[in-house]
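Subject: Structure handover

Hi,

Here is the structure we talked about.

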Amino acid sequence: MQRLETLRQDEVTARTEPVDRCRRLIGPLRASSPGEAAYPNARPATAPAYTAALTTRASCEPHHPLPRHGRLERAVTVGDAISVRTASADTGGPSGRGADLAAAARELVGGLLAEPWGQVSPSIYETGKLVTLAPWLTGHGRRVRYLLAEQRPDGGWGAPGGYAMVPTLSAVEALLTSVDRDKGSAQAAEPGELLAAAGRGLRLLERLLPTLDADGVPDMPAVDLIAASLIGSINRLLDDLERTRPDLVRDSWSPGLRLGLPPGLDDSRLVKIRKVLAAGIAPPDKVVHALETVADLARGTGAVRPAGTGTVGASPAATAAWLDERSAGDPGNPARIFLETVVSRHDGLAPCGYPITVFERGWVLSILARAGLVSSVPADLRTSLEDTLGPAGTPAAEGLPADADTSSGALYALALLGAPRPPDPLWTYETETHFCTWPGEDGFSVTTNAHALEAFGAYLRHVTANGASRATGNGGPVPVERYRATVEKLASVLCRNQHADGSWTDRWHVSPYYATMSCVLALERFGGPRAAAAVEQARRWVLDTRRPDGSWGLWEGTAEETAYAVQTLLPSADASEELRKVVARADEFLLTHEVGQNGYGAGPALWHDKDLYHPTAIVRASVLAARHLAHRHLNTEV
C-alpha cells in the first residue's frame, strides 16, 4: 500500500509541463459560465454498478481516488470518472429533415463536457489484448464473445487487406490463450469453438502475411512492434496447444502451421525495446502507447509510470500490460480503476487510444466553428484547451507525448472562437522540409502540415488585422515575418505533395477524402492565389469520384467521407444546377446515413491508431458541418 501511495505522489509531481496541464481535463468538467444552459449535456451523470461496489469497499478499506481536479479544486472520485458515460449516450443521435442543426451542434458541444475522456469506438485489437492480458477484468466473457461474433466469413477481423493484420493477430492470440486458461465460470466458449475460430483466423493469416510488402502494410503506429510481438506469441501458443490438445488442433488447422513476419516488416525495433526495458531504462514516450508488445517485461516495471488517472500510454492494453499481479488484484489501484472505467463505458470492450480529450475538443470545436455552427462555447471548455498548451504544445490526452497535430487543432479552435494564441510551440516540430507530428517521426503527415497551416495562418491574420504591437500577450515582439514565411512554407508543402489526380492521402486516416478536405480547407483560407489551382483540381477530383447514390467513400459510401467531400466543395461561388444537384444528393445521403447501427456512429472505423477507430463526436461534427454548408448553399433554412 505504501508503494502505491509513493507512486501516486511521484505521478502528481513528476509529469512534464504539457501533461500537467492536460491532467485537469481527465476529470468531469461542468460548465460554470453564463452559456451553460445552452449546452444541455454539460452535466454530471449517474455512476454505474462498479462505482457502487467501490463505494461499499471504501467504507471499510482505504480508497485511492483519481487525482485532484485542478480547476474544480476538489477530489475527482472513481464515480466521477465512470459516470460520464451515461449522461450523453444520445449525444450523437439523429437529426431529422429540417432539424435545427445549430441545436444539434450545441448538444454535441455539451457532450464534450459530459464525456471528458472522449467518444470513440471499441477496437478489436485492444479488446483482444485485454482478453489475453486481463482475464480478471470485469466483462471478460463479453469480450471473448465479441471477438467470436466479429469474425468475418473469410476468417479475418477488421477492415480489408493489410488493415486486417493487426486485429486478426490479436483476436487469434486472445482465443488461443483462452482455450486452457479460462475455466468454469470464466469460460465464455467451449475450447472447440475457440480453436475453430482461431483456426479460421490462422488460415487467413497464412495467406495474408506473405503478401504484405512495405506498401501493403498500413502506416500505423507501432505496427512493426505489434506484428512481431503477436506473431511470436501465437507461435508459442501453437507449440503448447499441439502438445496438449493434438486432437482438437487437427480439426482446426494443419499441425506445424506457424506464422512468419510479412516481408514489409522486421523485428529489429522490438528487439531494441526489449533490451531497453530489460535494462530498466524508460522507453520513448510514444512507445509506451504500445507497451503491451513487451508485456512480459512491462509488468510493474519502474521504468514506466502510470499517469495520474491510472492510464499507461493512453491505452487500455498498455495499462493492462503494466499491472502486476498484486496491483491487478487491488480494485483501488489507479490503473485497475482506469481499466474498469474504460470497459464500463464501452459495454465491456476497449478502444485503442483513450482518453482522447484534447484531440476531440480541438477537432470538434474547429469543425463546428469553421462551418459557422458555433461561435462561442462554455468558458470551461475553451479554457481547457488554453491550459493544456505548453512550450511544446499539447498532447492528445494525458499519457501521450505532445504532438504538432493536436496542438494545431487546439490553436486553430481557439482562434476561431475568438481566443487566438501564438502558434510558436509548433516550431518545435519544424524540419528543413516540413513539420513533423512529433520529433523523430518516421514518416510524413500531410494533414499535420495542413492543420499547422491553419494555426499559423489564423494567427497571422489576427496580428495583421490588430497590429503586431497589440497581438502579443507577453510584451515581446511578434515575429510577423517568420509567421508569414512559415505560412508560405506550409502551403508549398501541401501543394508539393498533392497527387496527380488532385487528391491527397495521409498516414492518420484511411480515406483520401479526409486528407483532401484538410488540405483544401487550409489552402483555400491561407494558401494565397498560388494555391487556387490545387484547390480547384482537388474539387474536380471529388466530383469525379462521387458514387451513384450521391455519396463518397474509399470502400463504400459513408456519411463520414461524404461529409468530408461536401466540406471540400463548399462554400462555393458556383451556382450551377450541376453543383446544386450534387449537394442535394449528398445532403439526402447524410440525412439517412448519419447514425450507424453499432451505437458508435455512422460507418466503418477509418482513423489510424494501433487499430482503426471511429471518433464518434468528431465524425458527428463533420456531418453536422457538411449539412449546414449544404443547406446554406441550397438556400434551405437552417
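Is Cys 436 buried or exposed? Cys 436 is buried, because its relative accessibility is 7%. Buried means under 20% relative accessible area, exposed over 50%, and partly exposed in between, with a 1.4 Å probe and protein chains only.

Before the rest, the ground rules. This is a predicted model, where local features need pLDDT of at least 70, side-chain atom pairs count only at pLDDT 80 or more, and totals for chains, interfaces and linings use all residues. Residues are numbered from 1 along each chain as its sequence is written, and side-chain values use heavy atoms, without hydrogens and water.

Cysteines

The count of disulfides is zero (a disulfide is a pair of cysteine sulfur atoms within 2.5 Å). Take Cys 519. Its closest cysteine sulfur is in Cys 495, 8.9 Å away, so that is too far for a bond. Cys 519 is also buried, at 0% relative accessibility.

Helix contact

Helices are DSSP runs (H or I, at least four residues), numbered from the N terminus. The axes of H20 (residues 404-416) and H21 (residues 446-466) come within 8 Å and cross at roughly 35°. Axes here are lines fitted to C-alpha atoms over the stretch in contact, with angles from 0 to 180 degrees between N-to-C directions. The crossing is left-handed, meaning that the near helix is turned anticlockwise from the far one by less than a right angle. On the H20 side, the contact residues include Leu 411 and Tyr 412; on the H21 side, they include His 451 and Ala 455. Contact means heavy atoms within 4.5 Å.

Aromatic rings

The whole structure has 16 aromatic pairs. Rings of Phe, Tyr and Trp (its six-membered ring) pair if their centres lie within 6.5 Å; planes under 30 degrees apart are stacked, over 60 edge-to-face, and the rest tilted.

Tyr 163 and Trp 555 form an edge-to-face pair, with centres 5.8 Å apart and planes at 75°. These two residues are 392 residues apart, and the pair links distant parts of the chain. Tyr 163 is buried at 18%. Trp 555 is partly exposed at 34%.

Phe 456 and Tyr 483 form a tilted pair, with centres 6.2 Å apart and planes at 50°. Phe 456 lies in H21 and Tyr 483 in H22 (residues 480-496), so the pair ties together parts 27 residues apart in sequence. Both Phe 456 and Tyr 483 are buried.

Lastly, ring pairs join Phe 359, Trp 363, Tyr 514, Tyr 564, Trp 607 and Tyr 613 into a cluster.

Best wishes
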